Structures are given as C-alpha cells and as structure tokens.
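Colleague: I am new to reading protein models. Could you take me through one, feature by feature?

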Amino acid sequence: MSSTSRSTPLVTAPMLVTLAALARAPLWLGAVGLYQYVALEVVIWMIFALAHNLLLGQGGMPSFGHGAYFGVGAYAFGLLQQQAGAGLLGGLAGAMLCTALVGAFVAAFISHRRGIYYALLTIAFGQVMWFVAMKWHSVTGGEDGLLKIARPPLELPGVRLSLTSNEAFYGFALAVLAVVVVFLWRLVHSPWGRVLRAIKQNEMRAAFVGYNVWLYKWSAFVLSAALSGLAGALFAMAQHSAYPNVMSLHNSGFVVMMVLIGGGLVSFWGPVIGAALFILARDLLGAYTEGWLLWYGLLFMAVVLFQPEGIAGAWQAWRRRGRGTAPPAPSTPSTPSTPSTPSTPTGPSGPSVPVARQGEA
Amino acid sequence: MAALFEATHLHKRFGSQVVLEDISLAVERGELRGIMGPNGAGKTTCFNVLTGRYKPDRGRVTFDGRDLTGLSPREVARRGISRSFQIMNLFDEYTAIDNIVVALPSVRARGWSMWRDLGRMDSAYDEAASILQRVGLAGKAQVASRGLSYGERRALEIGVALAARPQLLFLDEPTAGLGIEGTARLADLVGSLKKQLTIVIIEHDMRFLFRLADRVSVIHWGQVIAEGTPAALRENPWVQRSSLANAGAEGLAGGAA
C-alpha cells in the first residue's frame with residue numbers, strides 16, 4: 001500500500017547509525033586524544049537536549065530554565081540513594097518521578113503563557129530552584145552539593161553488571177539514550193506529537209478545532225522535565241555528586257545553545273548533533289584556551305544570525321539542493337522512483353514529507 | 001420549530017466601548033444566514049462571542065437546546081460548531097492534508113495516544129483527502145500551507161473548519177481578498193455545503209451574500225437593525241443607502257432574471 005510511505009518505522013537508519021557510532025566511540029576516543037568520560041557526558045547531554053527540544057523544537061515553548069529539572073533529577077537520585085537506599089533502576093525511576101512532579105507544578109503556572117512571558121517564567125522558576133539548592137543545606141548540602149553518590153550495579157533477573165567503570169556506565173547510558181530516542185521518535189509521530197506541533201504553529205486554531213491547548217502544553221512540560229531528570233540522575237552517577245551549578249542559568253543556557261546550534265527547531269536529530277558538538281568543543285577548544293566559551297559564543301551568534309535552523313537545517317537545505325528540488329516539497333504523486341524517505345534525518349517538520357496516497361482509485 | 005442556534009440579548013463591551021448592544025439571532029437548522037453591516041458594527045465581535053472566544057457580558061447562547069454561554073472555544077468546537085477566520089489561521093508548517101488531519105474528530109479522539117503512528121491512521125488520511133477534494137485542493141495535499149496561494153489558503157481555512165464535522169459552520173468574511181474568479185468558486189463551494197450544514201456567514205460582498213443566504217441580518221451599532229430574506233431586505237432603507245447596495249441589487253436582479 002502506498003500509505004506505508006507515510007508511516008514511521010519504530011527504528012530508523014539514522015537511529016542505528018547514531019547509536020552504532022556512539023557504541024564504537026570507546027575504540028577511537030583515545031586515538032584522538034580524548035578520554036572515555038567525555039563520551040559519557042556527551043550521551044547524557046544528548047538525553048537532556050532531546051528532552052529540552054521536546055518543548056523548544058516540538059512544542060515551541062522556550063524553556064530557558066531547564067537546568068533546574070536536570071538538577072532536580074540529580075539531587076533526587078542522590079537523595080533516594082543515600083536516604084532511602086534506592087538502587088539503580090529504582091533511583092532513576094524515582095528521579096524521573098520527582099522531576100515530573102516538580103515539572104507538573106511549575107507547568108501549572110506557565111502553560112497558559114507563550115513566547116517571552118513563558119521564557120521569563122521558566123527562568124524565574126529555574127532560579128528559585130537553584131537558590132533552594134544553594135541554601136537548603138540540610139538536604140542539598142548547599143554549595144558543596146551531595147557527595148559520594150555511587151553508581152549502583154545494574155541488577156536484572158539473572159544478571160548483575162557493575163557500572164563503576166566509565167566504560168560499563170557508558171554502555172548503560174547509551175542503552176538509556178536508545179530507549180529515549182525510540183520513545184521520543186514515536187512520540188513526535190504520534191497523534192499527541194502532531195497536536196503539540198500544531199499548537200506550536202497556531203494555539204488559537206488548535207483551540208478552535210477542539211484541543212485543550214493548556215493540557216497538551218502542560219503534559220509536554222511534564223514529560224520534558226521527567227526526561228531531563230533522567231539525564232540529571234545519570235549525570236549525578238557520572239560525577240558521583242550533585243551540586244547547585246547544574247541548576248544554574250549557565251547550564252540552562254548551554255542546553256539551549258546545543259539545541260539551537262544542532263538544529264532542534266527543524267530536526268529531531270538537532271539536539272543530538274548539538275550536544276555532541278558542544279561537549280567536544282568544550283574539551284577540544286578548552287584544551288587550547290580558557291576562553292573557549294568566547295569562541296563558542298561567537299559560533300552561536302553566527303549560527304543564530306546566518307543559519308538559524310542550525311546544522312540540521314543546513315544539512316536539509318544541502319540535501320534539497322542535491323535533489324534539485326526547492327521547498328516546498330513537490331506534490332507530484334507520479335514519482336514512485338524516489339525512495340520514500342521517512343528514515344532520513346530530516347525533522348518531522350521538514351518539507352520532505354514523503355508523498356502519500358498515490359493514485360487514489 | 002425551535003432554532004438550532006439562538007443568541008438572545010447579547011451584550012459585550014470593551015472598557016467604555018459598547019460593541020454589542022442587545023443582539024439576538026435565531027438560526028434555523030439547515031439555514032444559511034448572512035450577517036452584514038458596516039465596518040466596526042460588531043460583526044466579528046459577535047462571531048467571537050458566539051464561538052466562545054469572548055464571553056458575553058450579558059445574554060445567552062444556545063445550540064440544539066443546550067446552553068453554550070461562556071464556554072471556551074474548545075468546548076464550543078466539541079459541540080459541533082466550527083469556524084473559519086477572517087485573518088487566516090492555519091498550521092503554516094503543515095502540509096494541506098496535515099492541516100485537515102489534525103482537525104479531524106477521529107484524530108482528536110486519539111490525541112492522547114503517544115505511541116500510535118498517526119501516519120498509519122489511513123482512515124483519517126482518507127477522510128482528509130476527501131475534504132481537500134471538496135474544497136478544491138485535491139492536488140495540493142502535500143504542499144506546506146504557507147506555500148499555497150492566497151485563494152488556496154482561504155479554501156484550506158474552510159477545509160479545516162469542515163474537518164471538525166460541524167453541524168454549524170461560521171465563516172468570517174470568506175471572500176476577503178479573493179478576486180472575482182475566487183469568489184465565484186467559493187460561492188459554488190458554499191452553495192454545495194448549504195445542503196448539508198447550517199451556515200452563518202459574515203460578508204461585505206452583498207452580491208455573494210444575497211445570492212446564497214436564506215436570510216440576512218444587518219448589524220449596526222451593535223444591534224440587529226434589520227433581518228429578512230434577501231428580497232425583503234432589498235427594500236430596507238439602510239441596505240439601499242449602503243454603498244454596496246447597488247452591487248447587491250444587481251446580483252439580485254441577475255439571480256431573479
């Protein structure tokens with residue numbers, strides 16, 4: 001049936017390529033002068049950036065205080081481990097639940113807002129949480145943070161894997177990333193995801209065709225916060241600690257920069273590209289100069305000015321030129337020779353929507 | 001027979017400005033009702049109150065015997081009332097067909113499904129394709145709506161309103177910005193919808209309105225100052241004075257001949 005060209009497979013080629021490339025990272029990292037821990041951090045930030053892009057790119061909700069949820073996840077994981085004796089999976093699930101609850105609370109106050117007001121409120125809530133983390137010594141450890149957070153072993157029926165080495169933990173983080181990618185990929189192609197993107201484009205129309213705009217925005221925030229919390233929990237394991245800095249405006253800004261430079265506004269893969277680029281730039285440029293962030297900031301400005309759709313956007317434009325087609329996508333349904341491309345790394349909103357419905361009888 | 005849709009004694013003011021002052025309208029099932037009046041008479045505000053965008057300060061709106069007063073646009077939409085906009089309100093990044101798909105009640109009912117692949121909901125896409133065909137956009141299904149021509153966007157605007165499978169359709173100045181040809185095509189479309197739906201149209205183009213409407217209400221100063229069949233309204237002094245009256249009268253004469 002021609003209709004299958006419209007549908008989305010559970011697993012796509014870019015997914016496999018990305019995960020395979022990441023899985024092989026331990027083999028070549030040393031050769032280029034990097035170390036295993038960097039790859040671990042890249043994967044964690046990829047999860048965080050993907051979670052953030054669910055709001056920014058898919059939902060059009062500019063959350064500029066998202067570091068807070070990353071931080072809540074990190075603290076929650078540490079506290080659950082140290083106060084309640086939670087293991088790996090229990091700790092991760094608990095951290096996600098805690099961030100989801102915090103996110104649900106915050107989202108209740110901001111989901112009727114849009115644009116700059118939304119952004120300002122997210123920053124305000126983020127700052128409040130950062131302040132709480134700094135000052136609530138008895139729980140968060142204040143400026144020192146929570147220390148000695150362990151990496152509990154992965155315990156499944158019949159298996160027990162230690163995650164204490166960076167290599168082993170990297171494998172686990174990669175598996176988590178794979179699950180998150182598949183989940184989000186389904187999500188953005190589900191009715192819910194399509195409604196969310198419709199709301200991003202036109203809230204008023206979405207309300208007039210019968211959608212509860214507020215509830216969709218609220219739920220997107222909760223999901224995004226929960227996944228950010230998951231990333232934060234992994235980060236707490238990676239760093240063996242949780243500290244206020246991860247909740248700072250700085251960290252919130254970093255994830256926005258990742259998403260925008262990567263091209264999250266136009267592509268599902270934008271945040272993944274952006275996170276990799278950011279962490280690698282930090283470590284590679286950082287090796288040469290203390291002021292690496294200056295150079296990265298200039299890069300960010302250049303991207304926003306000249307390539308606002310980011311790297312993924314540039315890639316999409318290049319591919320379109322390569323195919324000799326200009327946007328918007330041609331509507332001629334009489335070209336069955338073009339392989340349908342649901343698996344290309346174009347974003348769900350990219351203009352290369354596969355041609356559906358050939359020859360309606 | 002009781003009216004399908006009834007507004008009684010609607011009042012709406014913004015600050016000190018009274019925009020609707022005691023508007024009452026009753027629309028019968030199957031009727032095509034036209035609303036006309038000068039700029040600033042309160043026509044669009046009236047629509048916005050009727051479709052839930054604004055709450056009236058006083059008055060009541062009922063649909064099919066049930067009270068709609070003060071419900072949100074979402075709740076009004078879910079009761080089977082749909083509207084198009086004077087200033088176009090589309091999902092600009094979406095293709096024409098996706099604009100329709102997202103507005104379908106069958107998709108809305110699955111709106112909280114986070115795992116199902118919307119692309120596999122063939123019946124939704126079939127339904128959307130038939131609606132596109134109806135509004136004359138069958139060949140444009142895969143074009144992003146921002147890439148459509150002005151007239152095509154107007155047609156899609158109506159398509160999105162139709163996608164909700166309404167019982168009652170509000171069209172806010174559907175001919176705005178359309179040329180003669182586009183207006184003629186739109187008249188054919190509205191004429192064909194008229195058989196299946198109850199429709200209320202705000203319109204400046206009297207020729208268009210008088211050709212299609214069963215009854216026309218004239219709104220001025222936030223009140224209904226005249227109401228009747230197009231033929232009866234031709235005799236109305238305000239309609240005759242109106243600068244557009246000649247065009248409307250010509251249209252009537254043409255239709256009568």
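This is a predicted model: local features need pLDDT of at least 70, side-chain atom pairs count only at pLDDT 80 or more; totals for chains, interfaces and linings use all residues.

Colleague: How many helices and strands does chain A have?

Modeller: Helices (H or I, at least four residues) and strands (E, at least two) are DSSP runs, numbered from the N terminus. Chain A has 15 helices and 2 strands.

Colleague: What percentage of chain A counts as buried?

Modeller: A residue is buried if 20 or more other C-beta atoms lie within 10 Å of its own, exposed if 12 or fewer, and partly exposed in between; C-beta atoms are placed from the backbone. Of the 361 residues of chain A, 50% are buried.

Colleague: Which residues touch the most other members of the largest nonpolar core?

Modeller: In soluble globular proteins, nonpolar side chains tend to be buried together. A nonpolar core is a set of buried Ala, Val, Leu, Ile, Met, Phe, Trp, Tyr and Cys residues joined through C-beta atoms within 7 Å. Here the largest has 183 residues, and Val43(A), Ile44(A), Met46(A), Ile47(A) and Ala128(B) touch the most other members. Helix 11 (residues 213–239) of chain A gives the most to this core, 17 residues.

Colleague: What does Ile44(A) touch?

Modeller: Contact means C-beta atoms, placed from the backbone, within 7 Å. Leaving out residues up to four places away in sequence, Ile44(A) touches Ala173(A), Ala231(A), Leu234(A), Phe235(A) and Ala238(A).

Colleague: At what angle do helix 12 and helix 15 of chain A pack?

Modeller: Axes are lines fitted to C-alpha atoms, for helices over the stretch in contact, and angles run from 0 to 180 degrees between N-to-C directions. Helix 12 (residues 249–262) and helix 15 (residues 310–323) of chain A pack at about 5°, with axes 3 Å apart. These two helices of chain A are therefore roughly parallel (angles under 35 degrees).

Colleague: What is the strand order in the open sheet of chain B?

Modeller: Two strands pair if DSSP finds at least two bridges between them. The order of the 6 strands is 6-7-8-3-9-10, with mixed pairing. Strand 6 (81–83) and strand 10 (223–228) of chain B are at the edges, each with a single partner strand, so one side of each has no neighbour in the sheet.

How values were computed. Residues are numbered from 1 along each chain as its sequence is written. Chains are lettered from A and ligands numbered from 1 in the order in which they are written. Two residues are in contact if their C-beta atoms, placed from the backbone, lie within 7 Å. Angles under 35 degrees count as roughly parallel, over 145 as roughly antiparallel, 65 to 115 as roughly perpendicular and the rest as oblique.
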